[in-house]
Amino acid sequence: MKKILFATITFLGLLNVSCISNDWEDNSVSSAVIEQPISGKFLKNVLIEDYTGTWCQYCPRVLHGIKQVESEQLRAYPVSIHRSVASSPDPYDFPATPLEQLIGVTGYPTAMLNRNVLWDNEISTTEVKNQIKPNANLGLALNSTISGGTINLNVNIKFLENFSDLKLVVYVLEDGLLYNQVNATSFFGAQNPIINFEHDHVLRACLTDLAYGDTLTGTTAGATVIKNFTFTIPSNIANVANLNFVAFVLDATGKAINVRGAAPNLIQTFQINP
């Protein structure tokens, strides 16, 4: 059973949280939130959502673009949302129809930046860089632990201005999944299929509403909102060592204001731009 806690903190120190239900109690969940003086805004990261399939002959075009983004070490967090079609199943299919309808996905591949910009020239990283340029008045930091098959994840969100109508989306991803990829492009040596292609950033679970996110409250200037998740490792995770998280905040229009990713068992601080 997934347990979710919600808290708002505007002071220094340690927040201890007790999670109680009819059949479960855990007093071990805690989150140290150390607020540093902020002279500038938060660094802006970019969300890349790639609607793809192992059967999709032109999807390697976007996969190549994502590898270019990674090679340039851009502040971007890719998410590969695998889809099956009637004639071609995908072993990593994720039920994302409501999100596809919301975004307006009509074919594969489709790559979206921050859920509001179509990345229609994946050979170039210019569009991704353009999304990184402005700084943000909202920052995220993820803290997580894995113990005995259970994951505790804290998503910390700090605000430098008053916000309203914000939603949080949290993904669980997996890297290093090997499966043949159909390829009709010139990328990856024009090999078809690409044998044992390594599929990374594969969406395996969503801890919130997939399309619209979960509502955030207390989003006022100077506040830090903490969303806590305690859940069992998803059964479809092939290798826990390759598991990671991506969290992002949507505004009232559905645009991702900022995003952050992290591997398990890490304590992040906010990314402050001096």
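These legends go with a set of close-up views of a predicted model.

**View 1. Glutamate 49 and arginine 115 join in a salt bridge.**
In this pair, the closest N and O atoms are 3.0 Å apart. The two partners come from distant parts of the chain, 66 residues apart. To find them, look for glutamate 49 in strand S6 (residues 46-52) and for arginine 115 in the loop between strand S8 (110-113) and strand S9 (117-118). Glutamate 49 counts as buried because its relative accessibility is 0%, under the 20% limit. Arginine 115 also counts as buried, at 6% relative accessibility.

**View 2. Around arginine 115, in the loop between S8 and S9.**
Let us stay with this arginine and turn to its other partners. Its side chain makes a polar contact with the side chain of tyrosine 171, at 2.9 Å. The side chain of arginine 115 also reaches the backbone oxygen of leucine 210, at 3.0 Å. Setting aside neighbours within four places in sequence, arginine 115 is in contact with a list of residues that includes Leu47, Leu99, Ile103, Val169, Phe248, Leu250 and Gly254. Glu49, Tyr171 and Leu210 are also among those contacts.

**View 3. Lysine 129 forms a salt bridge with glutamate 72.**
Here the closest N and O atoms are 3.1 Å apart. Lysine 129 sits in helix H3 (residues 126-132) and glutamate 72 in the loop between H1 and S7, so this pair ties together parts that are 57 residues apart in sequence. Lysine 129 is partly exposed, with a relative accessible area of 36%. Glutamate 72 counts as partly exposed too, at 33% relative accessibility.

**View 4. Arginine 204 and glutamate 174 meet through their side chains in a salt bridge.**
The N to O distance is 3.1 Å. Because arginine 204 belongs to strand S15 (residues 202-206) and glutamate 174 to strand S12 (residues 167-174), the pair ties together parts that are 30 residues apart in sequence. Both arginine 204 and glutamate 174 are buried.

**View 5. Arg83, Asp93 and Glu100 form a network of salt bridges.**
Side chains of opposite charge can pair when their charged atoms come close. In this view, three residues are linked: Arg83, Asp93 and Glu100. For context, a search of the whole structure finds seven salt bridges.

**View 6. The largest cavity holds about 140 Å³ of space.**
The structure has one cavity of 30 Å³ or more. H1, S7 and strand S14 (194-199) each supply at least two residues of the lining of the largest cavity. H1 gives the largest share, four residues. Among the lining residues you will find Leu63, Ile66, Lys67 and Glu70, along with Ser80, His82, His199 and His201. By class, this lining has three nonpolar, five polar and four charged residues.

**View 7. The second largest pocket has a volume of about 220 Å³.**
There are 18 residues lining this pocket, and the closest to its centre are Glu70, Ala76, Tyr77, Pro78 and His201. Helix H1 (60-71), strand S7 (76-82), strand S18 (243-250) and strand S19 (256-262) each supply at least two lining residues. The lining of this pocket has ten nonpolar, six polar and two charged residues.

Key: Residues numbered from 1 in each chain as written. Predicted model: local features only at pLDDT ≥ 70, side-chain atom pairs only at ≥ 80, totals over all residues. Heavy atoms only, no water. 1 Å grid on protein atoms, 1.4 Å probe; cavity = no way out; pocket = protein on both sides within 12 Å on 5 of 7 lines; lining within 4 Å. Points joined across faces, edges and corners; volume = space filled by probe spheres on them. Nonpolar A, V, L, I, M, F, W, Y, C, P; charged D, E, K, R; others polar. Salt bridge = Lys/Arg side-chain N within 4 Å of Asp/Glu carboxyl O. Buried < 20%, exposed > 50% of the residue type's maximum accessible area, 1.4 Å probe, protein only. Polar contact = N/O pair within 3.5 Å; in protein donor to acceptor, adjacent residues only side chain to side chain. Contact = heavy atoms within 4.5 Å.
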